[in-house]
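Look at the structure shown here.

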Amino acid sequence: MLNVLEQAACAVEQKNWSLLNQCLEQLPVKRNSAGASGGQQADPNINLVLTLALEILQTGDFHQRWEVAKVFPRLGNCAIAPLVEILADEASFDRELRWFAARILGDFHDPEAIAALVNVLKTDHSEDLTAMAAAALASLGASSKNATAFRLAIDALTELLHQDDTRSLAVRALSHIRHSETITPLLSVIRDKEVAVRTTAIEALASFHDDRILPVLLDALKDTAAPVRREATIGLGLRAQLQEQLELVAQLTEQLWDFNLEVCNAAAIALGRMGTDAAADALFSVLRKGTAPHSLQVQVVRSLGWIETPKALIYLQQAIAQRNSLQVCRGAEVQGCRGELLAPDGSAEIDLVSQEIIAVLGRVEKPDVVPLAAKILLDALNSNYPTIQHPRLKQALATSLGHLKDPVAIDSLIQMLADGDEGIKWHAIAALKKFKGIAPKLEALVANDNLTPALFQGIAIALENLRF
């Protein structure tokens, strides 16, 4: 112990803060806190350790300060006063030092620490510092180590809701304290004039299961601000068990056609969480109309995949057919009935929505619908759909069929080994590796004299790779 203290003293003289940090971490300091029993005696070296830790905090670089910050909570409440003094020094040009003081005080469960952090929110104009003070108060409130500190933090933040210049930070801090005690203060600001305040409050309230919150979320769907509508939509999407009681599918379907794309995407996700055919009906209406932005159509496809009912998968099949019908018409108008569109660089344009449908079908997990997903993929592969002829889509088809592992796909995957596109061939090989006993089948085929040269070569390559 003495040797470590001597090393620490030498490190201070040399201003070697990295070495001093290492020494402090080795010291077996006993925590001296107000929460300890009255008979606990403070470590006699605690003041020396505190002095050394403060030396690093005040003169070290960011990394050294970050590391020494871990030491202060071990020192107990004797460290609070000097940290409060640092935090309160508004004349200091070292804002980073005050930021660290606020951060460290968040680890103490003491009225003095709370008062200092609240004071920063009330009086300081530094965005970084006030944000850290709010986060530190949230840390105090979220802890169950000290019931008194918890109550003080909640009360202090609630009081700050009544002031225009501190309301936003207070709401943000309360939103991080996922405790039912914050419901009442958060409910008090759901109609605040500031969009950010309403948004934060709705987002936080949505995480609680309380009878007072459901009407608030439903009402927030009609808010004039898109961020508020989005958070309400997300919150209702987490209540699938109440979809009949609240008529959630109908409520969320309206949001699916919102003027704001983020709200629409949130509604698509929420409907996917409902997991019903009624939700699938609402989602497919977006694909059937075909005018929504690509990003929303992709999200709708993913949501239909989450539902995983036969009806949802059939909708995905219909979407592929519809997209190819539209593509043929567009191709005929633009390029004289060739049936495909070209990208600006002259290459065939890939249909990202169809690509997502193929990927989603490959992620189906319910055993009772896996055969249907495989059939839809095989029908697409064997169709004359122009978009499906794109090499990347055929590669995606091979990958998805491999993921499903339905034996009905084996013959089609073997035929893909003869494709002239190397990428398609290697994706087919990777998919075939997913099936058991595929090597003997390929060995039997390679002995067939009726194989085309391309298929013979593809099977030979596949067999060579199956050995590894």
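A salt bridge is a side-chain nitrogen of Lys or Arg within 4 Å of a carboxyl oxygen of Asp or Glu. The model is predicted, so local features need pLDDT of at least 70 and side-chain atom pairs count only at pLDDT 80 or more, while totals for chains, interfaces and linings use all residues. Residues are numbered from 1 along each chain as its sequence is written, and side-chain values use heavy atoms, with hydrogens and water left out.

**Salt bridges within one helix**

- The side chains of Arg151 and Asp155 form a salt bridge, at 3.0 Å from N to O.
- Arg151 and Asp155 are 4 residues apart in helix H10 (residues 147-160), so about one helical turn separates them. Helices are DSSP runs of H or I with at least four residues, numbered from the N terminus.
- Arg151 is partly exposed at 32% relative accessibility, and Asp155 is partly exposed at 40%. Buried means under 20% relative accessible area, exposed means over 50%, and partly exposed lies in between (1.4 Å probe, protein chains only).
- Lys375 and Asp379 also form a salt bridge, with their closest N and O atoms 2.9 Å apart.
- Lys375 and Asp379 lie 4 residues apart in helix H23 (residues 370-381), about one helical turn from each other.
- Lys375 is partly exposed at 47%, as is Asp379 at 34%.

- Glu96 and Arg65 meet in a salt bridge of 2.8 Å, N to O.
- Glu96 is in helix H7 (residues 95-105) and Arg65 is in helix H4 (residues 62-68), so the pair ties together parts 31 residues apart in sequence.
- Arg65 is buried at 4% relative accessibility, whereas Glu96 is partly exposed at 30%.
- Arg65, Glu96 and Asp94 are linked in a network of salt bridges.
- The whole structure has 23 salt bridges.

**Packing of H19 and H20**

- The axes of helix H19 (residues 277-289) and helix H20 (residues 294-307) come within 9 Å and cross at roughly 155°. Axes are lines fitted to C-alpha atoms, for helices over the stretch in contact, and angles run from 0 to 180 degrees between N-to-C directions.
- This crossing angle makes H19 roughly antiparallel to H20, a term for angles over 145 degrees.
- Residues in the contact (heavy atoms within 4.5 Å) include Leu283 and Val286 of H19 and Val300 and Leu304 of H20.

Notes. Helices (H or I, at least four residues) and strands (E, at least two) are DSSP runs, numbered from the N terminus. Angles under 35 degrees count as roughly parallel, over 145 as roughly antiparallel, 65 to 115 as roughly perpendicular and the rest as oblique.
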